[in-house]
Each structure stands twice: as C-alpha cells, then as structure tokens.
Amino acid sequence: MSLPTRTQVAIIGAGPSGLLLGQLLHQAGIDNVILEQRSADYVLGRVRAGVLEQVSVDLLDEAGVGARMHREGLVHHGIELMFSGERHRIDLAALTGGKSVMVYGQTEVTRDLMDARREHGAPIVYEAEDVALHGFDGHAPTVTFRKDGVEHTLACDHIAGCDGFHGVARASVPVGAIRQFERVYPFGWLGILADVPPVSDELIYANHARGFALCSMRSASRVRLYVQCSLQDKVEDWSDERFWAELKSRLDPATAERLPTGPSFEKSIAPLRSFVAEPMRFGRLYLAGDAAHIVPPTGAKGLNLAAADVRYLSRALIEHYADKSDAGLDDYSRKALRRIWKAERFSWWMTSLMHRFPAGPGDTGEVGHRMQTAELDYLVHSQAAMTSLAENYVGLPFEE
Ligand code: RFL
Ligand code: PHB
C-alpha cells in the first residue's frame with residue numbers, strides 16, 4: 001500500500017477524538033490522515049464510556065454517523081442517586097427544560113466512525129510505530145512513523161494530537177511550554193460487562209459505607225456495572241461471585257433482591273484521575289480529548305469532553321481553510337479549557353460526594369461521611385441543587 005506523503009491535517013490517534021475530527025474535516029473537504037499505533041480490533045476492544053450528552057449526540061449527527069445511535073441507543077431522562085439505603089430520582093429532563101442523555105457505548109461510536117471513514121476511503125494507518133512530531137513551532141510540520149518496517153514522513157499544515165493520555169503529542173511539547181495539573185484518587189473502579197437485563201431503567205449511582213457502586217447499561221439485555229475498589233486489587237482477585245456479592249451489598253435491599261446476575265465477559269480496573277494540560281495549542285500542534293485532560297468517570301464526562309474539543313477544533317480548522325482566518329485557532333485553547341475546567345470541577349465534585357475515601361492523607365473519616373450524607377440529603381430535596389447537578393450532567397452549553 002502506498003501511504004500519503006502530504007496532507008492538510010495529520011491526526012495522531014484513532015480513538016473517538018481522532019476519528020470524529022477526521023470525519024468532520026473530511027465532510028468540509030479538508031484532507032487528513034490518521035496515524036494509530038494499535039490495530040483497529042484493539043481499538044474496538046477497549047470498553048470505556050457509555051453516556052453521551054445531547055451536544056455529543058448532535059455532533060455525531062452533524063458528522064453523519066448518528067443513524068445507528070438513534071436506532072439502538074437508549075435515551076435517558078433521569079438518573080438515580082442511592083444513599084442511606086434509599087433511591088432518589090433526579091429528573092434530568094424536568095430540571096433542564098427537556099434535555100436528556102443517550103446511553104450508547106464508546107465502542108459503538110468508534111465502530112460507526114470507523115465504518116464511515118472506510119466508506120469515504122479516507123486514509124488511516126493502523127499499527128503505525130514510533131510516531132514522532134517535528135517542526136510544529138514553524139510553518140511546515142511533519143510526522144514520521146514506521147509501518148511494516150518501512151520509515152515514512154508525512155508533511156502537513158497542522159497536527160492534531162488526539163492520542164490519549166499516554167500519547168506522544170503532549171510528550172513532544174518542551175517541558176517549559178506546558179503546565180500540568182493532576183490529582184490521582186486513592187481508589188479505582190472495577191467494571192464488568194454481562195449479558196443480563198438492567199435492574200432499573202435508569203443509571204443508579206450508589207454511595208455506600210462499603211464504597212461507591214454504579215449500575216449502568218449498554219442495552220436492554222447488557223449491563224455495565226462498577227464497584228469502587230482498592231488500587232492494589234487485581235482483576236484476578238475478583239471472581240464473578242465476589243463481584244455480584246459486593247455490588248448487592250452496596251445497593252438497597254429491594255434493588256439487590258431483584259438484581260439479575262450472570263457471567264461477566266469483560267472485567268477491568270481503571271484508576272481515577274483529574275488531569276489538565278495547559279495550553280492545548282503549541283504553534284501548529286493542537287491537543288484534543290484525553291491527550292489534554294482526564295476526568296474521573298463519575299460524571300460521565302470523558303468522552304463528551306473529547307467531542308467538545310473536536311467541535312471547537314474542527315470549526316477553527318474549517319474557518320482557517322475557508323475564510324483564511326486564524327481567529328478560531330488562536331482562541332481554541334482558551335475556549336476549550338474554560339469548558340474543560342467546569343467539567344473537571346463537576347467530575348471531582350461527584351467523585352468526592354459518592355466515594356468512600358480510604359484511611360490516609362486527605363481522609364476526612366466519619367466527619368466526611370456525615371458531610372456526604374448531609375449533602376446528598378440536601379441535594380435530593382433542593383430544586384436548586386438538583387438543577388445544578390442536572391445541568392452539568394446533561395452538559396453545559398458551548399461558547400460560540
Ligand atoms: P483515546 O480513546 O485514549 O484514544 C487515543 C488513541 O490514540 C492512540 N495512540 C497513539 N497513536 C499513535 N501514536 C502514538 N504514540 C499513540 N499513543 C496513543 C491510542 O491507541 C488510542 O487509540 O482518547 P480520545 O480519542 O481522546 O477519547 C477519550 C475517551 O476515550 C475517554 O475520555 C473516555 O473513554 C474516558 N473514560 C470514560 N469516560 C466516560 O465518560 N465514562 C467512562 O465510563 C469511562 N471509562 C475511560 C473509562 C477511560 C479509560 N482509560 C483511558 C484508561 C475507562 C478507561 C479504562
Ligand atoms: C458507563 O456506562 O460505562 C458509565 C456510565 C456513567 C458513568 C460512567 C460510566 O458515570
């Protein structure tokens with residue numbers, strides 16, 4: 001296969017950020033090449049997010065890849081918070097003037113974007129090794145990589161770093177040019193997928209003395225479930241029996257009683273982290289998605305933030321080529337970061353409210369637990385507090 005040697009935008013990473021950016025640019029007639037270090041199957045095998053904000057749904061529609069999502073996705077108008085052994089519904093739609101979220105797995109979003117790219121015949125190089133970025137502080141950046149043992153150089157106008165938290169793009173920026181803010185939480189999430197029906201029509205977020213739990217889903221017959229676990233835990237420590245028993249112990253008795261169980265077919269542990277890199281633009285390199293920021297998954301914001309960055313960046317690049325204006329590119333980092341920090345704040349707040357913090361530095365002990373319970377009790381009885389939760393959960397508006 002002969003690979004392109006020049007493009008307008010070189011995109012590093014074929015996760016949701018890179019694929020969505022590629023699709024929006026392609027639609028606008030802007031040439032782009034995606035370089036991904038893994039295989040397509042590996043990328044599709046990663047189980048991650050499940051909740052899309054309305055604005056992410058709208059962007060996928062705009063990108064022309066929303067048809068299956070509307071057929072198979074589940075529209076949710078509320079969520080449930082469980083604490084002190086009781087469930088309380090937060091009516092997202094009533095509190096936000098009719099807004100909702102869409103439950104549709106990141107894997108499916110990725111598959112739809114990959115299918116669209118294949119249909120258009122737009123170039124994507126999987127298993128690109130040793131991807132390296134050059135000259136992005138000047139006018140003629142290049143990206144070098146190796147494919148099937150052959151070295152390649154891709155010349156471009158711009159580079160989009162959509163290569164996730166461990167990618168090469170952010171790591172290529174000189175240390176003095178970037179500031180990084182990070183908090184690592186003292187626990188993780190153990191997640192499973194199982195082909196059993198959800199116990200409830202809506203997601204249940206549980207605060208329990210034994211730790212946080214979340215009952216989510218992928219369809220009417222597939223669940224995605226999480227329990228807070230220790231960072232020392234290994235997946236092998238958690239048999240299915242142990243998982244189901246632990247989850248049940250963290251739910252109210254009536255829900256635990258009705259919980260459908262069955263064998264899991266995926267099980268993984270994710271650490272929880274808040275992270276932001278500033279700025280998100282370095283000359284002709286732009287960071288988007290997890291390459292620039294990480295949120296703990298409690299607020300369901302990671303994938304949505306990635307989509308929001310891509311929305312700002314694609315519009316800025318389109319303006320650059322169509323109107324010969326760099327106003328959008330010049331403002332990209334400021335605009336994106338303003339919204340990102342709000343989602344960071346919300347995700348940090350929900351994480352702090354719902355988890356049990358183990359003994360150690362930062363542990364607030366019994367006082368902290370009483371404060372959580374008081375805040376949750378206040379929350380579910382205050383229209384103002386519930387409205388604040390709801391408007392953040394469905395997604396904050398964009399700055400145009
Ligand atoms: P991704 O999805 O990490 O994709 C980045 C892509 O870049 C590739 N790559 C490289 N390619 C070329 N050269 C290199 N040197 C490269 N280095 C990396 C990678 O192989 C990959 O294909 O980032 P993107 O596109 O920004 O998308 C962001 C979302 O994936 C992410 O925000 C969410 O999945 C976060 N997240 C969750 N978010 C939620 O809203 N709810 C969740 O339940 C949830 N669970 C999770 C998660 C993230 C996890 N990670 C990152 C470990 C669970 C996990 C385990
Ligand atoms: C998921 O379905 O994977 C999911 C849902 C809500 C969250 C996090 C993860 O807050």
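View 1. The bridge partner of Thr142 is Ala155, in strand 11. This is a predicted model, in which local features need pLDDT of at least 70, side-chain atom pairs count only at pLDDT 80 or more, and totals for chains, interfaces and linings use all residues. Residues are numbered from 1 along each chain as its sequence is written, and side-chain values use heavy atoms, without hydrogens and water. Strand 10 (residues 142-147) is antiparallel to strand 11, with six bridges between them; strands are DSSP runs (E, at least two residues) numbered from the N terminus, and two of them pair if DSSP finds at least two bridges between them. The open sheet has the order 9-10-11. Strand 9 (129-134) and strand 11 (150-155) are its edge strands. Neighbouring strands are turned by 15° against each other on average, direction ignored (axes are lines fitted to C-alpha atoms; angles run from 0 to 180 degrees between N-to-C directions).

**View 2. Leu74 opposite Val103.** Val103 belongs to strand 7 and faces Leu74. Strand 4 and strand 7 (residues 101-103) pair antiparallel over three bridges. They belong to an open antiparallel sheet of three strands, ordered 3-7-4.

**View 3. Arg218 in strand 15.** Arg218 lies in strand 15 (residues 213-219). Arg218 is buried (under 20% relative accessible area, 1.4 Å probe, protein chains only) but has no salt bridge (a side-chain nitrogen of Lys or Arg within 4 Å of a carboxyl oxygen of Asp or Glu). Glu108, the nearest side chain of opposite charge, is 7.1 Å away. The Arg218 side chain reaches the backbone oxygen of Arg48 at 2.9 Å.

Note on methods:
Chains lettered and ligands numbered in written order. Helix = DSSP H or I, 4+ residues; strand = E, 2+ residues; numbered from the N terminus. Buried < 20%, exposed > 50% of the residue type's maximum accessible area, 1.4 Å probe, protein only. Lys, Arg positive; Asp, Glu negative; His and termini not counted. Polar contact = N/O pair within 3.5 Å; in protein donor to acceptor, adjacent residues only side chain to side chain.
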